[in-house]
Amino acid sequence: ITLFSNSSDIRKMLEIGGRADFLQTGYDYNYYYAEDLHRYNTITFIGNHYHNHNFQNKDFRATVLSELINQYSENTKIYGQGWEFLGRGISPTMSKNEAFMAYNHSLLALNIPHFDFDDYYSDRLLRSMACGCCVLSKKYNGYNKEFTNLENIVVWETINELKEIEAKIPM
């Protein structure tokens with residue numbers, strides 16, 4: 001049996017006669033959350049940009065991050081490889097502990113997965129939530145099976161929706 005963290009791949013596997021089921025990723029709250037840290041008015045995104053891959057949201061991710069840098073340059077923190085074309089404020093890579101500290105120091109975390117698969121979200125969504133960030137997540141099919149908008153996460157679909165949400169948060 002093959003376990004997937006999204007329903008789209010499960011359907012494909014079953015269609016070709018394979019055995020598949022769903023297993024969502026998890027996290028340990030005590031490992032990620034650092035209660036005594038000061039939070040800065042920053043929005044943090046952690047993830048790589050792969051120039052030569054055809055990931056569904058590759059270009060959308062780049063557009064959103066470019067817009068954030070233009071609007072909140074001092075308050076936008078981007079970590080990951082491949083973002084050099086966006087200019088300043090980019091850190092190429094970090095350890096898990098450095099990632100946890102970045103989330104623990106941030107007010108907001110941005111979640112834009114590479115894929116729009118049913119019920120799929122990156123483990124970074126859970127990690128950033130566990131670190132105490134308010135997570136602004138690109139809407140995906142099935143998010144409401146595990147989360148409630150404006151309670152656990154804040155979902156958005158377009159860059160304009162994201163900008164409207166951010167305008168309500170003092171940055």
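Author: Two strands pair if DSSP finds at least two bridges between them; strands (E, at least two residues) and helices (H or I, at least four) are DSSP runs, numbered from the N terminus. Here strand 4 (residues 76–79) and strand 5 pair in the parallel sense over 2 bridges, and Tyr79 stands opposite Ser91 in strand 5. This is a predicted model, in which local features need pLDDT of at least 70 and side-chain atom pairs count only at pLDDT 80 or more, while totals for chains, interfaces and linings use all residues. Residues are numbered from 1 along each chain as its sequence is written, and side-chain values use heavy atoms, with hydrogens and water left out.

Reader: In what order do the strands of the open sheet stand?

Author: Strands of a sheet pair through backbone hydrogen bonds, either parallel or antiparallel. In this model, the 6 strands of an open sheet follow the order 5-4-3-6-7-8, with parallel pairing. Strand 5 (90–91) and strand 8 are at the edges with a single partner strand each, so one side of each has no neighbour in the sheet.

Reader: Which residues have the most contacts inside the largest nonpolar core?

Author: In soluble globular proteins, nonpolar side chains tend to be buried together. A nonpolar core is a set of buried (under 20% relative accessible area, 1.4 Å probe, protein chains only) Ala, Val, Leu, Ile, Met, Phe, Trp, Tyr and Cys residues joined through side-chain atoms within 4.5 Å. The largest has 21 residues, and Val64, Leu65, Leu110, Leu136 and Trp156 have the most contacts inside it. Helix 3 gives the most to this core, with 5 residues. A second, separate core has 20 residues, including Phe100 and Tyr121.

Reader: Which residues of helix 4 are buried, and against what do they pack?

Author: An α-helix has 3.6 residues a turn, so residues three or four places apart point the same way. In helix 4, the buried residues are Ala99, Phe100, Ala102, Tyr103 and Asn104. The buried residues of this helix pack (contact means heavy atoms within 4.5 Å) against helix 2 (29–32), strand 3, strand 4, strand 6 and helix 5.

Note on methods
Buried < 20%, exposed > 50% of the residue type's maximum accessible area, 1.4 Å probe, protein only.
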